Structures are given as C-alpha cells and as structure tokens.
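Trainee: Could we go through this model together, beginning at the contact between its chains and then turning to the sheets?

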Amino acid sequence: MSPELALLNGLTEPLQYAFMQRSLAVAIMVGIICSVVGSYLMVQRLALLGDAISHSVLPGLAIAFLLGVNIFVGAFIAGVLSTVIIGWIHTRSPIKEDAAMGIVFSAFFALGITLITTIQKDNKIDLNHFLFGNILGVTAGEVRDTAIIAALVLLIVVLLYKELLFYSFDPLGAKASGLPTGLLHAGLMVLIALTVVASMKVVGVILVLSLLIAPGATAYLLVPRLHQVMLLGAGVGVFSSVSGMYLSYYLNLPSGPAIVMVVSTLFALAFLFSPRYGVLIGSGRWPFKVRR
Amino acid sequence: MAPAPCITIDHLSVNYRDVQALRNINLTLRPGKLVGVFGPNGAGKSTLIKAMLGLMPLVTGRVTYGEDTLAHQLDRVAYVPQRSQIDWTFPATVWDVVMMGRVQKTGWFNRFSTASRQIAQDALNRVGMADFRDRPIGALSGGQQQRVFLARALAQEADIFCFDEPFVGVDQKTEDVIYKIFRELAAVGKIVLVVNHDLGESIMNFDQLILLNKELIATGPRDWVLTRDNMTRAYGGHVGFFGHVA
C-alpha cells in the first residue's frame, strides 16, 4: 500500500464506527462556532472573560445532572449567571473587572469540582471528561444538542453581524448612533456561554479558551477583515478539532490537549510565516508606526 | 417648513466617579453654526458631549432637541470619538468602518441597500479617501483615519454632528478637508459641535465658542468669549495665547 493510501485509510477506517461519526460531527460543529464566536472575544480583548465563562459552567452542569435536567441547560445557566455576577461586582464596587472575573470564576469552578467529585462516586459521570474533553465519548443526544446550539449561534451571528461589528469596533460610537449596546453585549455573553457549553465534551472547560482564541488569532495574522477572520478561523478550528480527534483515537489522549496542541502549532506557524506580520518572513510592517 | 430645532442644555451637572465633572451648564446650540468647545485639559469638554448624548448618567439637568430628550433621538446624531479611544488594529477595512454609519438606518436583520452603499461611497469621495476603500484601517496615517471617521459620520445622514478632538495628530490637508466639511454641514443647517483644545489660528473657523472649565465660563461669538478675564478664569494665569483676545 502506498503511503498516501495508508494515510487515507488511517483517516477513513475509524469512521466506520458510529462513535467516530458522532465525534467527527461534533468536532466540525465545535471547530466552527468556537472560531466564529472567539473572534469577537479576541477583537474585544475579552479573552479572560471567555476563560471565566468556561470555568463557571461546571456547577450548573453538576446541579443539572443531580436534578436530572439536560446538563447543557444547567451549564448554560451557570455560565450566564457568572457574567451577571462579574458585571454586578464591577459596577457596584471599586473592584476592577479582571479582579471580579478572577474571584467569580474560581469560586464557580471550585464549587463545580466539589459537586462533581461528590456525585461521581456513585454516578456515571467523570470529572476528567468535562475538564479535558472526551470527544470519542459523545452520545447521539449530545450530537443533537450541539447541532441545535451551533445552528442557533451561527444564526445569531449572521443576523446581528453588522451591529456586532459596529459594537465591537467602537462601542461608544455604536451607542451614540442609537444601537442598544447593552443588549448587544448581553447577546455576545449568551453566544459565548452557548459555545462553551457545546464545546465541553470536545475540549473540556479548562482548554476551551484555546479553541476560542487561537483560530481567530491565527486567521487575524493572515486576513484583514472580521468576516474573513471568522471564516478562515473556522477552517483552522475545524482542522484542529478533527486532527485532535484522530490523535485522541490513535494515541489514546484526552481530546482537549490534543486539539490545543494542533491549534497552537497552527498559530505558531502563522506567527512565524504570515506574509503580512510573520516575524520570520513578514513584510515587516508590524509594529505599525503610530502617527500622532 | 418649520425651522430646524435647537439643542437646549438645561442645568446639566455630571459626576465622573465621585468628582464633579460639570456643574450647572446651561446652553443653546443652534443649527447652522459651527460651535467649538474649548477649555483646559480636564475641563469636561468630552464629558459634555457624552452627557448630552446619554452616554453617561446625568446628576441633574436635561438635554432636549426640539420637544424631546436628545438621548431618545440618537438616530439623528453622528458622534466621532477621540481617535485614541479606537483600537486601530481591529480587523476592518476603510469600507467596513464607513458602512458602520449605515447600520442604524438599515435596521435589524436587513442587508445594506444599494442606496446605502452609494451614500457611503459619496461620503468617502467627499473626504478624499475613495482610493483607500479596501485598505485595513491600521495601515492608514492618523489624518486618514480621522477622515474615514468623518466619512462614517457623513454616511449617517445625521442632523447633529459631535466631534471629539478631531484635529489631534492630523496633517494639514486633513485639517483643511475637515474644516471645509464642517462649514458645508453648518451651511445646510446642521448642528456641528466640535471639542478642540487648540487656541491657535484655527479658532477663527468657529461661529460660536463655548469656554468650559467644569462650569460654563462664557459662550457666544469669538469676541465675546475670548476676553482676558474669561481666559484667566478658564486657564488660570498660565495661558500663553492672547493673539485674538478682544
């Protein structure tokens, strides 16, 4: 067998299993929405907020599991609740937003770990799968839920694209033109929470930040407009999550770290070799001279 | 046709954190005049615009345009923030930024119309930036960036234009373009309010001056406002400018 054929075989053969088909479907969907939504986080310098929301979903997930509710719903509620509390602390006290995030997300995370550790003793629930991802273990129900979330997220981004672009670029100008910026910000928080929830089983809550930020950041070094960043970023995200799935399958790795190693490598390549900004071969236009 | 309405600022006071930033401001801004807001650093010039537009809470007072609160009629306002408030590394082209001026008029869920694109293109032509349409905004000079923002404001087809320090870090050509467009806007009956801090020759461009230092020192035509007494009250004894003082 030629090496090309062997490689092709290595990629297609596992797909005869239903669990691999489910994993592939989820990897593609999560790769797309993480990159698209994460692009907003990157341009708004809200990376830490993405981290905060992702760590905060755990207690909601545990409580939903205990109550027998869909764990995606519980995780989503906890994620949104954490942003509300962060906003509350930082507007009602002199505490800065990043400090508020640090306090709230670690508190939520600690509560989540405590709850899951307690209940996993006598239940079929594994803390590690939520922390580091277990893409090979997704159920048909989770594929369905991920599909619903992905459709919803992409629909919102497409419908609100021009408003979210204006708001992310110039929040004050957007507000002064009469756009409801508070509502747009809340919408963005909901998008992030939905995306994190859909990604839990793929990358895990600890490393999901990487899949949110790195694809957009990679694309940002290569193309100049936000929708192009999102589209190319989605390609990077899908490639990474699918590659991570195979690494997980063949090397028996947790899927989160496998995906993150791929996407980080892609970012490093763009950082070194981007035609516009690459530190090794770029046209040398960065840093731009700031003329004042 | 009814005469175009004025903006009336009535007993406006604003706090920034716990410090009073503006105290009991009363002003009328009439259409057709180029109005300049002057005062030392920290005088509350930018705060005045933000408070007028409802971008920060008022402690007391009211700002009306015609019959209703101005903050309820923001679809008639074009606001250009200070250039330093913008992240110029944002992944957007000149065209993307000018089209932001059409977002509010286009409405939720709608795509930009051909008419909107034409309005944005005309605005770019007017500021002399049509050749830069597809450039990333980060690759422009300060003056070019400011002209793109001016084009965005023009594309909004507003009745009220508020500019915060539009001349900071711009070249002479840009300054000429901006003043020419300000004059054109005033000539067709728009309200044009410009925060500035340069007390040089350019002050001659303005029809009405507002001299501010936490409170309103003086307002009116240049000769009324630029008295030695007013300047001392605004700037203390340290102002080196007296070239145009009556």
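Trainee: Which residue of chain B forms a salt bridge with R45(A)?

Mentor: Please keep in mind that this is a predicted model. A salt bridge here requires a side-chain nitrogen of Lys or Arg within 4 Å of a carboxyl oxygen of Asp or Glu, and the closest N and O atoms of the pair are 3.7 Å apart. Three salt bridges are counted between chain A and chain B, and the partner of R45(A) is D87(B).

Trainee: How much area is buried between chain A and chain B?

Mentor: The contact draws on 30 residues from chain A and 42 residues from chain B, and seven residue pairs are found in polar contact across the interface. Carbon and sulfur atoms give 68% of the area buried between the two chains, and that area is about 3100 Å².

Trainee: Which element gives the largest share of the side of chain A that touches chain B?

Mentor: The elements of chain A that give two or more residues to this side are α8 (161-169), α9 (171-176) and α12 (226-251). By class, the side of chain A that touches chain B has 17 nonpolar, four polar and nine charged residues. The largest share amounts to six residues, and the element that supplies them is α8(A).

Trainee: Which strands are the edge strands of the open sheet of six strands in chain B?

Mentor: The order in this sheet is β6-β7-β8-β3-β9-β10 (chain B), with mixed pairing, and the twist averages 15 degrees from one strand to the next. An edge strand pairs on one side only, which in chain B is the case for β6 (77-80) and β10 (215-220).

Trainee: What is the bridge partner of F163(B) in β8(B)?

Mentor: Strand β7 (residues 160-164) of chain B runs parallel to strand β8 (residues 191-195) of chain B, and five bridges join the two. Helix α6 (residues 172-187) of chain B packs on the sheet and touches β3, β7 and β8 of chain B, its direction making about 145 degrees with that of β8(B). Within β8(B), the residue that partners F163(B) is V194(B).

Trainee: Why is one side of each of β2 and β5 of chain B left without a neighbour in the sheet?

Mentor: These strands belong to an open sheet of four strands in the order β2-β1-β4-β5 (chain B), with antiparallel pairing. Because β2 (19-29) and β5 (68-69) of chain B stand at the edges of the sheet, each has a single partner strand.

Trainee: At about what angle does the direction of α1(B) stand to that of β1(B)?

Mentor: Helix α1 (residues 45-52) of chain B lies across β3 (34-38), β6, β7, β8 and β9 (208-213) of chain B, running at about 145 degrees to β8(B). On the sheet of four strands, α1(B) touches β1 (7-16), β2 and β4 of chain B, and the angle to β1(B) is about 115 degrees.

Trainee: How many residues apart are E215(B) and R23(B)?

Mentor: A search of the whole structure finds 14 salt bridges over all chains, and one of them joins E215(B) to R23(B), with the closest N and O atoms 3.6 Å apart. The pair links distant parts of the chain, E215(B) lying in strand β10 of chain B and R23(B) in strand β2 of chain B, and the separation is 192 residues.

Notes
Residues numbered from 1 in each chain as written. Chains lettered and ligands numbered in written order. Predicted model: local features only at pLDDT ≥ 70, side-chain atom pairs only at ≥ 80, totals over all residues. Heavy atoms only, no water. Contact = heavy atoms within 4.5 Å. Buried area = accessible area lost by both parts, 1.4 Å probe. Polar contact = N/O pair within 3.5 Å; in protein donor to acceptor, adjacent residues only side chain to side chain. Nonpolar A, V, L, I, M, F, W, Y, C, P; charged D, E, K, R; others polar. Pairing = 2+ DSSP bridges. Axes fitted to C-alpha atoms, helices over the stretch in contact; angles between N-to-C directions.
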